[in-house]
Amino acid sequence: MPSFRCSKFRHVYGKSATREHSYDGVPITHSVHDNHYCSVNPCFIAVVTECAGGGSFVVLPIRHTGRMDPQYPRVCGHKGRVLDVKWNPFDDHCIASCSEDFTVKIWDIPVCGVQQNLTQARKTLTGHSRRVGLIEWHPTAENLLLSAAYDYKVLLWDVSQEGLVLRHPVLVVMKPLLYRYPSEALLLSISFNEDGSRMAVTSRDRRVRVLDPRTGRILQVSSNRTHRALKVIYIGGLKLLLSTGRSSWNQRQIVLWDPDDLSEPLFEEDLEGSGGVLFPFFDQDTNLLYLAGKGDGTIRCYELGAEKPYMNFLTEYQSLLPQKALGVMPKRGLDVNACEVFRFYRLIAIKDTVQPLSMIVPRKKTGTFHEDLYPMTTGNKAALTAQDWLSGINRSPVLMSLQPGTQVANPYPETPAEKGLTRLQSWYHTSPTRGVVTQSTLVYLEEAFHAEQLAYQHAKYPRVVSDLSGWQPDETELQLWTYCCTPHCREPFERPPPSTEHELLQAYYRQQDEIKSLTEQLNKKDVSENRMA
């Protein structure tokens, strides 16, 4: 008798957002690199955009859907095209970007979002001599960032070090040796395992390698006889590696590996012969694998297991609009009441649109929390500091519960960043007494807001306070956090943009009156000068 496999995810389906709930008018980059060009967290979505005379990306609040203003401010501090962006997994207001200008930059995004063009980065990493194509944050240690460039160097940075410009990384994972430029050092994809003690990469020679990120020692190398790998990810919990690439017949191919032995694959499956790269995404909590093709509108969903047949096909989402790349929302940002188990953000370049796509498991009871769909998942707290990890300590990620109102104690000692002042919005969203406003709450909000303003002003206008010659007190100078409008991270005394058409017209008329007044003053000045002459 034939055996039938029952799965609680067999009816999972993809639900795309409407145009009103998408991000329209986003000038998506025209770069041809096989990167995601999009990074998402529960607060913001960052998308690499096309611009002339440098590189930029736009940071939108996650609920700022609809059509984007063409003059919307951007993060535009790079001198070359931006190739990748990644949010810090332990700080929803810190993002890293890499560019063709050989640099990696760390940006602080204000709580209220980007209100004007942001050009001053908190940190600039200048250890590469060619364009930087990949960046990746460490999954458990805070402030550790890996960068890979076309100078055949793979560097590990501690972005908590002092200084606006960092020229020396804490570790050199890979580099050219004796003027030899090995193809294994030009990386196409990077993936850390669950505790960050191992790193899987694919290189220009289309092989899969497993490295020790602390020493750069290559532990395993695959063969490229029947599989030319392009992308690789760790399958956490199942102790597997998955790579996507091309077969010897130039067809899209999926391969599963044992990370301790890459001599022979455990599983191979050929798909179709499309030309785009196949992006793999794995949900460790549900063991669901998603395969999204670049240049087409198809996303396949599989359920993985530790034993043969390893992969079981569940469903396929199809769209007539092809995706250039995709971003993924962390699990802590999903809508658990709607039984949402995964969410993509499809970059549709031909429409200049970023379209959310939710993967939903249908249930009879909606609006309730289903424990079988949402086990303990990776949270937004670091398990250890950068110094602890560099000293050889490995720790699993700090887990959290997605059930509303549930808090899980951190089993590890608090890191220095967690002991300091938390950011305003993160505190507001996680406070159990969010609806109760007390005097102590108002004092805390005011202190957090003042700290945010001072940090923003100091980062934008760094001052050298060692030279105080000629300084005199000015009693008319107001404090940096004095605003004539709703407080937000903009210049002092800058008015907010008009919110309605009527206000916009009033602002336009005021501007015309000011221009007319200035023109009359200039004409009077010219007439008086001519008479005197």
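Modeller: In strand 9, Cys94, Ala96 and Cys98 point one way while Ile95, Ser97 and Ser99 point the other way, and all are buried. Buried here means under 20% relative accessible area, against over 50% for exposed and partly exposed in between, with a 1.4 Å probe and protein chains only. Strand 9 spans residues 94-99 and is mostly covered, with 6 of its 6 residues buried. Strands (E, at least two residues) and helices (H or I, at least four) are DSSP runs, numbered from the N terminus.

The model is predicted, so local features need pLDDT of at least 70 and side-chain atom pairs count only at pLDDT 80 or more, whereas totals for chains, interfaces and linings use all residues. Residues are numbered from 1 along each chain as its sequence is written, and side-chain values use heavy atoms, with hydrogens and water left out.

Strand 9 has a partner in strand 8 (residues 82-87), which runs antiparallel to strand 9 and is joined to it by 5 bridges. Two strands pair if DSSP finds at least two bridges between them. Within this pairing, lysine 86 stands opposite alanine 96 of strand 9.

Rings of Phe, Tyr and Trp (its six-membered ring) pair if their centres lie within 6.5 Å; planes under 30 degrees apart count as stacked, over 60 as edge-to-face and the rest as tilted. By this rule the model has 10 aromatic pairs. In one of them, the ring centres of phenylalanine 44 and tryptophan 87 are 5.8 Å apart and the planes lie at 20 degrees, so the pair is stacked. Because phenylalanine 44 belongs to strand 4 (residues 44-49) and tryptophan 87 to strand 8, the pair ties together parts that are 43 residues apart in sequence. Phenylalanine 44 counts as buried because its relative accessibility is 2%. Tryptophan 87, at 7% relative accessibility, likewise counts as buried.
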